[in-house]
Amino acid sequence: MLAYVIRRLAYGVVVVFGVLLFLFLLFFMMTNPDDVARKALGERVPPEVIEQWKVNHGYDKPLFPSSSNLTDNMLFEHYRRMLTFDFGRSDADDTLIMTRIREGMGPSLALTVPLFILSLGVAIPFALLVAFFRETYIDRTGVVLSVLAMSVSILLYIIGAQYLIGKLLRWFPISGFDFDPQLVVRFLALPLLVGVMSGIGGNVRFYRTVFLEESNRDYVRTARAKGCGEARLMSHHVFRNSLIPLLTQVVLAIPFLFTGSLLLESFFGIPGLGAITVDAINGNDFSTLRTMVYIGSLLFIIGQILTDLSYGLVDPRVRLE
Amino acid sequence: MESWVVSNVVVALIVVGVAGLAWFGLRDRMWSQALGELWCRRRYSVLVIAFYVAVALLDSISWVGGMEAQSDTVARYKAQSILDRLFADTRERSYSAPFADREFYGGAALQRPGSHVLGTDIIGRDVFYLSLKGARVALLIGGLTSLIAIPLALLFGVSAGYFGGRTDDLVFFVMSTLASMPGLLLLIALIMVMGKSTLAVCLALAVTSWVGFCRVSRGETLKLRELEYVCAARALGVSELRIIFRHVLPNLMHLVIITGVLMFSGLVLSEVVLSWLGIGVDGSWGQMIDQARNELSREPIIWWNISAAGSALFGVILAVNFVGDAVRDILDPQTLRQGE
Amino acid sequence: MNSGSRDSALLSVEGLRTWFPIRQGLFRRTVGWVQAVTDIDLDVPAGTTVALVGESGCGKTTAGRSILRLEQVQAGRIVFDGVDLCALSPAELLPYRRQMQIVFQDPMASLNPRMRIRDTIAEGMRSFGIGATNAERTQRVAHLLERVQLDPMQMWRYPHEFSGGQRQRICIARALAVDPRLIVCDEAVSALDVSIQAQILNLLADLQDELGLAYLFITHDLGVVRYLADRVAVMYLGQIVESGPTEQIFSSPQHPYTQALLAAVPSADPGRRSGAPPVSGDVPSPSSPPPGCRFHTRCPHVTERCRREMPQPVSLDDRVIRCFLASPGGGAAEGAGQGGENP
Amino acid sequence: MLEVAGLTTSFPGESGEAARIPVVDGSDLEIAGGEVLALVGESGCGKSMTALSIMRLVPKPGRIVSGSVRLEGRDLLEFSVSAMRQVRGGEISMIFQEPMTSLNPVTRVGDQVVEAIRLHEPVSRSAALERCLELFVQVGIPDPQARLRAFPHELSGGLKQRVMIAMALSTRPSILIADEPTTALDVTIQAQIIRLLRDLQRELGMSILLITHDLAIVNEMADRVAVMYAGRIVESGSRLDVLARPRHPYTQGLLRSMPALAPPDERLPEIPGVVPPPGQWPDGCRFATRCSIQVEECRRCVPEMVAVADGHLAGCHLVETGQEPGGEA
Amino acid sequence: MSSRWPATRRHRLAWMLVVACLACTNNPYPSSDSEKKILYTSFGDAPRTLDPAVAYTTSAHVITGAVYDTLLEYHYLKRPYELIPGLASDLPRSYRSEDGGIVYRFELRQGVLYQDDPCFELGGAGRQSREVLMADVAFALMRIADPDVNSPVAEPFSNVAGFQDFTARLSERREADADFARRPVRQQYAEVGPIDGVRVDGEHVLEIALASAYPQILYWFAMPFTAPLPWEAVEYYDGRQGRDRLADHPVGAGPYVLAEYNKQSRFVLEANANWYGALHPEWRAPGAVYPFEGEERDRQAGRLDPAVVGRPLPFIERVEFRREKESIPYFNKFLQGYYDASGVIKESFERVIHEGGLSEEMRALGISLEKTVQPSVYYIGFNMDDETIGTPAGERARLLRQAMSMVIDAREYARLFMNGRGVPAQSLLPPGIFGYDEAYENPNRRIDLERARQLMEEAGYPNGIDPKTQRPLRLTFDTPDTQAQARLRFEFFTRSWRQIGIDVEISATNYNQFQEKVRNGSYQIFMWGWVADYPDPENFLFLLWSEMARSKSGGPNTANFSDTRFDELYLSMKGRENGPQRLAEIREMLKILERQRPWIELFHPEDYALYHGWLTNVKPFGMSFSTTKYRDLDATKRASLRADWNEPVLWPLYAVTLLSLAVLVPGIITFMRERQ
């Protein structure tokens with residue numbers, strides 16, 4: 001078990017190195033730091049200032065290590081910074097990226113954790129219901145509704161909800177955020193609704209498929225033959241076995257709770273990491289964007305390891321060695 | 001070469017290709033059965049998709065000239081597609097005028113549906129015309145990206161699965177690396193770095209979407225490699241390359257089709273988000289939605305603009321999703337989960 | 001080593017060993033071996049049927065595939081027609097592939113579902129250059145289909161349009177297409193219903209008569225073995241524990257495992273019901289076989305020596321036995337077993 | 001004890017509900033108390049579906065169309081869902097062909113047996129565990145205490161089938177339906193399971209409906225035999241009657257084509273052709289297409305089951321007309 | 001069974017709690033704040049910096065203007081704009097020095113304090129604040145001169161004697177002596193010595209000597225760039241060891257302090273207890289009391305109510321800026337009463353504005369409207385270095401530019417995209433700026449398709465056909481704005497040009513690619529806008545001064561316009577006081593532009609500002625100048641109106657619930673029955 005975890009982590013580290021290399025190629029070799037500097041500093045900047053800015057942001061060094069110079073180059077620096085979580089300052093406004101991440105994490109989690117739980121809480125019972133009533137009109141309606149829900153762009157969900165619920169019905173504030181826990185519920189209601197709605201189609205369909213596939217297995221027939229009722233069958237046998245395929249999706253989603261949701265956050269004015277990322281995109285802020293991609297990958301890799309480990313917990317057939 | 005010539009050549013190739021495939025498919029009992037089954041189950045969705053494809057084709061075949069009656073000199077010298085010609089201003093009185101200067105300066109912006117079937121947008125363009133033009137862009141995004149991503153994924157997936165060993169290790173490593181980067185962010189970063197163009201968007205979409213199918217095809221190849229008919233072929237002295245082409249690839253075709261169909265809707269929907277971020281493809285429905293988004297707050301409300309683009313998008317995605325479901329059921333019920 | 005028939009054997013296998021590595025971890029270190037086939041010796045004389053019998057997991061399928069060089073062989077010699085196949089490069093091996101073919105158990109899995117029957121059968125001809133033109137090959141396919149009692153008009157169909165028995169005939173036709181001298185039948189009739197099984201067995205027998213084929217018949221069904229085989233080799237956990245002429249093995253099995261196996265076969269004779277106490281326990285895992293004699297965990301006659309030492313094959317007349325109790329003079333195991341004979 | 005009459009189960013055809021295709025077509029069976037009835041036939045002849053129909057476990061969209069299943073006089077087909085649930089696993093238990101997949105892979109085998117007990121009897125978990133342990137001893141599971149906590153994948157095929165048997169016997173059913181209980185097992189293990197079932201049946205005095213395609217196993221276990229072909233029973237009678245003196249050409253063909261019974265070096269007598277799939281069953285005698293001695297009548301009308309001896313029935317026109325199909329036994 | 005009951009009840013309680021929490025209210029603020037005098041407003045993207053020497057955006061000035069008080073200020077109500085003393089006790093006296101240059105002499109009020117801030121501990125333990133001194137103003141000016149600070153306004157200050165010299169000395173020393181470069185900047189400045197033209201005379205007197213005539217320099221002293229800046233703040237807020245950076249932590253002597261600064265969600269300004277207006281009400285300083293006089297329309301609008309005139313400032317105790325990236329949610333919240341003021345978004349224009357005034361609906365809500373034309377100009381520029389469209393193509397290109405200028409209908413543009421809230425521009429000078437002539441009509445900005453076509457023919461492009469390619473002339477419009485919404489605007493222009501047969505391609509590339517093009521000079525047409533720093537024509541005309549050409553100096557003259565006569569006139573006009581001669585010079589410059597057409601002037605945007613009835617003393621201000629301290633609001637009135645306006649509509653909730661039950665229940669019942 002321990003050996004497995006260590007090995008799995010080791011591979012994770014290898015992948016992290018790969019990700020960093022890719023990011024390096026993408027962000028250092030294919031972009032011109034002068035432009036980034038000019039965007040950050042303004043149009044009318046003397047060249048000395050741009051040079052100074054490049055020094056401050058570490059864009060002035062040679063790209064690759066040479067035999068005489070192993071550490072003082074951008075590649076090494078890139079790896080060193082990313083691996084030690086010393087992300088430096090934003091290209092756009094010189095704020096410490098780490099500070100920004102720390103500030104953005106709270107609002108992101110405030111949105112994504114309830115969203116995650118609600119999505120599961122709505123989609124799984126709904127999928128169980130649909131699977132339970134398979135081959136009836138409830139099932140067919142459920143599937144059609146899911147496909148309908150899947151076919152609408154999330155942008156339209158957001159626009160529609162803001163217009164209908166926010167503006168016409170005045171149930172919740174149209175957008176915004178507050179750190180006061182009493183107030184935050186009001187602000188989160190609408191993005192949560194949109195988030196759940198936009199994901200429910202795909203989720204229900206996926207879960208239903210999994211449930212149906214499990215309920216066609218032989219052991220379900222055995223359970224029926226020993227007198228097990230349908231409800232108990234669903235909850236005790238089908239659901240428990242379905243957990244294994246569901247885990248891939250669910251556990252893998254957990255790390256991404258930290259990175260927030262790009263669209264929801266920026267449309268609903270939630271100052272989370274997603275909104276920070278969108279700002280970075282709009283502001284040509286490559287260092288922040290790079291960091292966000294890196295953190296996303298890191299979390300994904302952790303998520304994958306967690307998924308593998310959780311298989312071991314849920315599925316007795318899997319031995320982690 | 002002029003872009004319209006390229007477009008015409010591509011259309012010709014596609015038409016020939018599709019005709020060839022159709023001929024092959026109808027001749028081949030297995031595929032014709034599947035097609036028949038699909039037609040039985042999802043007649044309307046197939047018709048809807050066919051309509052979109054037809055519109056896209058009408059918008060893809062273009063040539064210069066033949067517009068001398070036009071007041072617009074620029075249009076006279078530009079390649080105009082069949083669709084453009086159908087909507088040209090000679091028909092203004094009967095229907096609508098996408099380039100009509102008179103209307104434009106006469107204040108025809110944001111007209112309600114009426115003389116223009118779906119109204120006009122803020123600079124007086126016909127919304128119906130724009131929605132139809134979006135079909136080509138959507139198919140371009142879906143098609144071009146699939147055309148890049150699927151062969152790439154097949155190449156890597158099959159070689160990794162079939163040869164195993166170091167090849168597999170390398171492909172698996174590249175896959176884990178790409179897969180571990182958050183998709184949308186990677187997409188945005190790629191487009192930001194490559195610059196904004198249709199090709200760049202498609203390339204970036206391809207880079208972010210090939211991994212999923214690569215993994216599926218690798219897994220499937222691993223399974224196929226162990227099957228007895230592959231073994232029998234080896235016992236018959238058939239070369240490895242021929243085994244791949246005759247025994248492995250044909251048995252992945254259903255996955256290719258399923259993935260292609262399912263990928264399409266995902267790609268078109270991601271383009272909408274890209275459009276909102278300002279890095280979408282010009283003329284797409286996503287761009288229309290984003291352009292029309294704010295008009296929704298006008299009083300009285302300008303709904304036709306966004307709903308036309310939204311419904312055009314919804315229509316094709318829905319049809320594709322329905323067809324995708326059916327295709328998945330018809331071609332391979334076992335791959336339900338991997339297709340996700 | 002084995003006795004006289006060596007020289008006349010079409011195929012003779014010596015000390016064949018196929019172990020699969022169990023790899024683990026980041027660097028794919030080999031941490032153990034699945035000992036699928038361990039040092040087996042086997043002869044298949046031309047024009048005869050040799051059966052390889054054993055329970056699932058005993059390595060008989062791996063042995064068959066190893067002989068065809070479809071698995072990586074660890075050690076040993078596979079001498080076909082006087083040539084050691086293990087020493088050949090893939091290119092050199094090609095002409096020998098033509099002479100040895102295989103028919104699998106699951107006729108659905110052994111036919112490419114996306115390939116027409118005609119193409120499936122013609123594929124081998126193509127790779128060995130049999131038939132100059134496509135038309136010629138089609139002609140030959142038609143002929144082959146007739147030979148396996150199928151309608152040649154059906155050659156343009158796909159496998160799923162055939163029944164199980166017909167598919168097995170197609171597989172046989174595919175094997176015959178390259179004029180082999182040896183066919184390895186890997187559980188070729190096990191998945192078929194009794195009535196179909198009889199048809200296939202008859203077909204195989206007819207083909208042997210006509211073409212002088214040799215069969216290596218891999219199966220777990222002793223009924224089929226008794227009916228079909230000239231010689232039998234019984235496998236247990238990767239080793240051949242007993243081999244010899246069919247009649248002798250069935251009438252006087254020497255190895256305790258053979259005895260148990262025969263005793264366990266249910267009797268279809270309405271006049272008799274088998275009453276013997278079946279051998280107890282399960283087959284151990286081939287990745288960690290027991291020390292000493294591999295059967296000692298289940299053997300009713302186990303001695304201390306069996307637990308320590310691995311018995312070596314001993315020749316007895318025309319038979320080879322791997323048991324301490326089966327010394328040339330001994331036959332100690334005789335008292336046990338053969339309960340199946342008594343109602 | 002259990003009486004199945006005119007049981008017909010069908011599935012919707014290609015063109016939907018309108019053309020339902022029967023897979024079991026008017027089967028009649030009768031099992032007396034304490035007797036082992038073997039239902040024998042080739043694959044696709046509807047024997048498994050008969051068993052599932054008795055349990056009312058026909059998978060959707062299949063449906064029992066007509067007939068009756070009487071357990072001690074009560075028609076199971078008219079039971080409510082909850083009452084039927086009590087019968088399943090209570091009065092009638094069932095074991096399946098694939099012990100590998102028939103057990104819930106994520107639940108400990110002990111718990112699965114406990115669940116079966118507690119579904120029918122209001123006993124505590126510990127009492128149920130106690131019972132479970134006894135059952136494990138009874139079905140000959142070595143080291144039963146430890147095996148209680150094992151997961152199915154940790155057990156060999158033979159042990160899994162023993163667990164299945166323990167589970168089926170946990171509520172002391174009066175009838176056990178065993179659907180190909182040994183097909184997936186090796187010969188030596190098969191012998192063990194056959195012996196176990198035989199012993200248990202004698203010990204507990206229950207009835208067994210044994211479904212198999214292997215006539216040798218029928219010979220080993222059954223008291224009476226019913227031979228099924230294309231959804232119908234074609235011959236039934238005591239073991240000796242059917243196996244030693246078969247009257248239906250199909251039964252005769254089956255017995256003759258068994259290589260174990262045939263003398264070596266002789267050509268095996270074969271039944272030509274294949275079992276037609278459901279939906280393509282011929283109108284008259286269903287075996288007519290493959291029968292070597294068929295007459296005109298066979299293709300036209302369905303033969304009745306006729307008693308050829310005491311308790312020995314055969315459904316063949318030639319038997320009806322007094323002609324002896326295939327003289328020898 | 002009995003054990004289940006409490007569980008159900010707990011369940012129900014939890015449910016009720018959830019409902020109560022959500023309790024369908026759209027109030028974005030804590031209810032406890034509803035009675036407080038808090039002004040609610042918004043920001044889009046956080047300003048990149050709040051460093052007073054660097055911050056140059058309106059969004060930054062909203063904060064820096066309130067936190068950093070300046071020597072001079074604008075009069076709140078009077079138009080044209082008029083300077084009044086702020087921290088200075090009076091407007092500066094000017095005199096000619098011995099060498100002929102002009103000198104301004106500022107006097108600072110005594111006893112003015114900075115806001116409380118931990119950075120002052122650097123000047124002595126336990127100190128929280130200190131007095132504002134003229135040395136701090138000199139320090140601020142030296143920071144503008146410091147190349148490392150990268151102030152965007154260094155250029156206008158180069159009129160101050162010795163300013164550029166100081167810059168040069170400083171960089172030289174730094175380059176020569178790495179040790180020196182590491183010292184605190186205050187020491188560096190002290191060592192390199194003062195700027196010649198900036199003379200501190202005692203603690204409270206400062207003299208500014210100009211090297212060249214530049215009377216506009218006084219306006220810069222009403223902007224935060226020159227506000228006194230404590231050296232402690234610069235030294236302390238260096239961004240190291242967890243301390244903020246000066247760019248995020250302003251320390252000034254203004255009426256407000258920045259109490260909270262979360263760039264992602266919220267800024268809060270709170271009244272500064274140390275402000276001289278609060279500490280010394282007896283001064284009745286002009287910048288610390290509500291003005292006594294104003295325009296006639298101020299009297300009509302109630303801005304000169306006797307009850308408010310002369311009252312000490314500020315009125316509002318707290319300003320909350322919330323982040324709103326999109327204008328529509330902001331406007332909707334304004335209508336719901338959650339923001340106090342708003343612009344009119346184009347999408348809601350018809351609803352809000354009716355025949356130039358407020359609509360019935362808005363008036364019923366008690367909203368009032370203020371319109372002002374901003375001192376700014378939007379224009380399409382041509383790259384005058386371009387081979388086809390610029391000077392190299394000579395007369396031909398001039399005619400082409402004229403033709404192109406004649407088909408762009410700015411009024412239509414403003415109508416479509418700005419609801420007509422823009423005065424079509426005839427020249428680059430907006431109304432209210434000296435030199436603006438209401439009667440002037442630019443002949444080349446009149447929409448005349450026929451004439452434009454004729455000009456095209458004269459230029460050698462009959463019907464727009466380029467004789468070289470035999471196809472319509474092809475030009476490129478470059479922009480870094482890739483947003484879908486922006487594309488519509490550019491398409492408006494390309495469609496207009498199509499009418500005279502010019503095929504203009506929109507090239508919307510990302511910022512870096514755009515930069516690349518600008519750097520290479522490979523651009524043809526672009527669109528830009530300019531907002532005045534101060535109300536003087538010089539601030540507009542310098543945009544076309546050849547010295548400012550981007551190709552030459554990287555300056556804001558992106559059109560790379562270069563005309564010797566224009567330059568001559570510019571330099572002469574710059575140093576002149578407003579008068580007939582200056583006017584004549586300006587007129588001549590405009591004539592040159594009229595003919596040369598480096599720009600197509602589009603419009604001067606008109607600002608429509610909406611205010612709720614509870615917000616008073618509001619007057620729009622064109623210059624970048626913080627007016628928050630003059631405003632007042634009635635929180636009680638606001639609270640009651642908000643409650644009235646935001647009653648949630650709940651029936652759809654019930655309807656949806658009932659509908660889904662109606663669909664589900666029969667299904668479940670049928671299913672259950674079927675199973676029996």
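1. Ground rules. This is a predicted model, so to speak of a local feature I need pLDDT of at least 70, and side-chain atom pairs count only at pLDDT 80 or more, while totals for chains, interfaces and linings use all residues; side-chain values use heavy atoms, with hydrogens and water left out. Residue numbers run from 1 along each chain as its sequence is written, and chains are lettered from A, with ligands numbered from 1, in the order in which they are written.

2. Chain E overall. Its secondary structure comes to 25 helices and 24 strands (DSSP runs numbered from the N terminus: H or I of at least four residues for helices, E of at least two for strands). The C-alpha atoms fill a box of roughly 100 × 80 × 55 Å along the principal axes. Of the 676 residues in chain E, 57% are buried (under 20% relative accessible area; exposed is over 50% and partly exposed lies in between, with a 1.4 Å probe and protein chains only). Among contacts in chain E with a separation of 6 or more, 70% come from residues 24 or more positions apart; contact here means heavy atoms within 4.5 Å.

3. The E–A interface. Chain E puts 59 residues into the contact and chain A puts in 57. Together they bury about 4900 Å², 52% of it on carbon and sulfur atoms (buried area is the accessible area, 1.4 Å probe, that two parts lose on being put together, summed over both). On the chain E side, E:Arg48, E:Gln264 and E:Tyr511 lose the most area to chain A, together 13% of what that side buries.

4. One pairs E:Lys325 with A:Asp279 at 3.1 Å, N to O. Elements giving two or more residues to the chain E side include helix H1 (4-22), strand S10 (318-323) and helix H19 (511-520). H25(E) gives the most, with ten residues.

5. Helix H19 of chain E. Buried residues here are E:Tyr511, E:Asn512, E:Phe514, E:Gln515, E:Lys517 and E:Val518. They pack against helices H2 (33-41) and H13 (286-314) of chain A, plus strands S19 (474-479) and S20 (503-508) and helix H21 (550-553) of chain E. After the helix comes E:Gly521, with a positive phi near 70 degrees.

6. A buried glutamate. E:Glu601 is in strand S22 (residues 599-611) of chain E. Why does E:Glu601 count as buried? Because its relative accessibility is 3%. Its side chain makes a polar contact with the side chain of E:Arg597 at 3.0 Å. Leaving aside residues up to four places away in sequence, E:Glu601 touches several others, among them E:Tyr378, E:Asn442 and E:Arg445.

7. Elsewhere. H6(C) is mostly covered, with 13 of its 18 residues buried, and C:Gly212 follows with a positive phi near 65 degrees. In chain D, D:Ala166 sits in helix H7 (residues 157-169) and is buried at a relative accessible area of 0%.

How values were computed
Salt bridge = Lys/Arg side-chain N within 4 Å of Asp/Glu carboxyl O. Polar contact = N/O pair within 3.5 Å; in protein donor to acceptor, adjacent residues only side chain to side chain.
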